[in-house]
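The report that follows is meant to be read beside the sequence and the coordinates.

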Amino acid sequence: NHLLGEANPDFLRLLYEAGLAGRIGNVHISDYDFIDERHELPGNGKNDWPAIIAGLEKLEERGLMVSEGADQTITLDLQAKRNVFNRLDNENITITVDVSNINEPGEVSLDYKITYPLSVYGEVIEERGKRPEKIALTISRWTEKEVPVRAVLTGNVAEDYQQGEFSLAPQTVTVRGREELVEQIDYAQVTVSQEGMTETYRQEMPFVFIDRNGSPLEEEDASQLVTEESTILVTLPVYKLKEIPLTVDLVPGGGVTDVDSQVEVTFKPVDSIVVAGSEDDLEGLSELTVGSVDLYQVFTSEDVTFPVQLSPELTNVSGVTEVTVTVAIKGLSTKVLEANKIELINVPEGYAAEAITQTCSIQIRGAQEAVDAVLASQLRIVADLSDRTAGSQTVPVKVYLDGSSEVGVVGDYNIVVSITQ
């Protein structure tokens, strides 16, 4: 004779299916807790009907919204014939409250309308009580704003790996809701907690709103907000790290016959850098050549500065953008000879040329014994006058040392030539 755990319509349906509907002479309505017989006054239990709010579109046109009270239920104390109750439940009784006439934010208390289904139209239903008498709502200003999305990594990458910069799509989120709540939001945050990552992380992730104090918005407050996006596509590049030694190409010349024993090379500030990239890109990279040095231009020691350049797919983790390479010649002797064999070649047709410079001091280098054996007459200075015009001018020359393979010429040289037509 009492319903306990069942919903109202289910209980009435059970009575009908059991053939008891024709034996009901009177119906008594009381509230209860879905556990035991309570005979509570309506409103003291859980036998509720949801309220429907009408006129929301008018409210929104005025920049207003219902911020509290929208999910209220109404408890009704009704009396009617048994065949009428068979057609009533909390799904077909409608409670409507109209907010279309509200123009300002604040606390309001409104009357509501009870509507019964057409199936009981014309029947006598006595409303013996209802609770609450009026519906209390909180009306707030409605607003929206765009907030940036940020990402944090609480996990980590594996040893010998490095994380890159987060990429987020979208980079902003438009949030709508109660003005005082929306204005608290500083940004939206996604959190990556993956541990020991060895490859790029890419995932659609939920986000939380962070207030101006740096704290996550309370879950209850966040549930009142509306966004078009529910997730953010997060990409976190993860790179392999590798230490790469620096090298320089040494072009033989100037009497250097054994680079390994006759040349000393040092790098400053570092002789290696740490590079980040994919494993495939790093696999074939065993050293990085920063440039080349012609040894014939190095007299005893030379400092040359080179930029440190990598292919676009690699990252210079060390941050060193240039190095100074010191090239020093060791274990060789030098001597200066006065050379006077000067040849002028490729003189333009119709022109005559004359060397104003008669002798040139040339430095040679090699093993002591070999250097001592070289004579000035073995040196030959050649000036190429191709594409030259009339006038007195300085011309670069090539110096040849004939008759010796163990000694070389050191440095660049010029002579003055007069060209006439």
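## Local features of the backbone and surface

Arg131 has a relative accessible area of 44% and therefore counts as partly exposed, a class that lies between buried (under 20% relative accessible area) and exposed (over 50%), with a 1.4 Å probe and protein chains only. Arg131 belongs to strand β7, which covers residues 126–131, where strands (E, at least two residues) and helices (H or I, at least four) are DSSP runs numbered from the N terminus. Computed along the sequence, Thr73 is 58 residues away from Arg131, while their C-alpha atoms are 8.9 Å apart in space.

The model is predicted, so that local features need pLDDT of at least 70 and side-chain atom pairs count only at pLDDT 80 or more, whereas totals for chains, interfaces and linings use all residues. Residues are numbered from 1 along each chain as its sequence is written, and side-chain values use heavy atoms, with hydrogens and water left out.

### Backbone geometry

Most residues other than glycine have a negative phi, and most peptide bonds are trans. Asp160, which is not a glycine, has a positive phi of about 70°; this residue is placed in the loop between β8 (135–153) and β9 (161–163), and its relative accessible area of 46% makes it partly exposed. Asn346, also not a glycine, has a positive phi of about 55° and is located in the loop between β25 (342–345) and β26 (352–355), where it is partly exposed at 45% relative accessible area.

| Cis peptide bond | Omega |
|---|---|
| Ala169 to Pro170 | near -5° |
| Lys268 to Pro269 | about 5° |

Pro170 sits in the loop between β10 (167–169) and β11 (172–178), and Pro269 in the loop between β18 (263–268) and β19 (272–277).

### A charged surface patch

Glu68, Glu107, Glu218, Glu219 and Glu220 together form a negative surface patch. Such patches consist of residues with over 30% relative accessible area and no salt bridge, like charges being joined within 9 Å and nonpolar side chains (Val, Leu, Ile, Met, Phe, Trp, Tyr) within 5 Å. A salt bridge is a side-chain nitrogen of Lys or Arg within 4 Å of a carboxyl oxygen of Asp or Glu.

How values were computed. Accessible areas come from the Shrake-Rupley method with a 1.4 Å probe; for residues, only the protein chains shown count as cover. Lys and Arg count as positive and Asp and Glu as negative; His and the chain ends are not counted. The place of a charge is taken as NZ of Lys, CZ of Arg, CG of Asp or CD of Glu.
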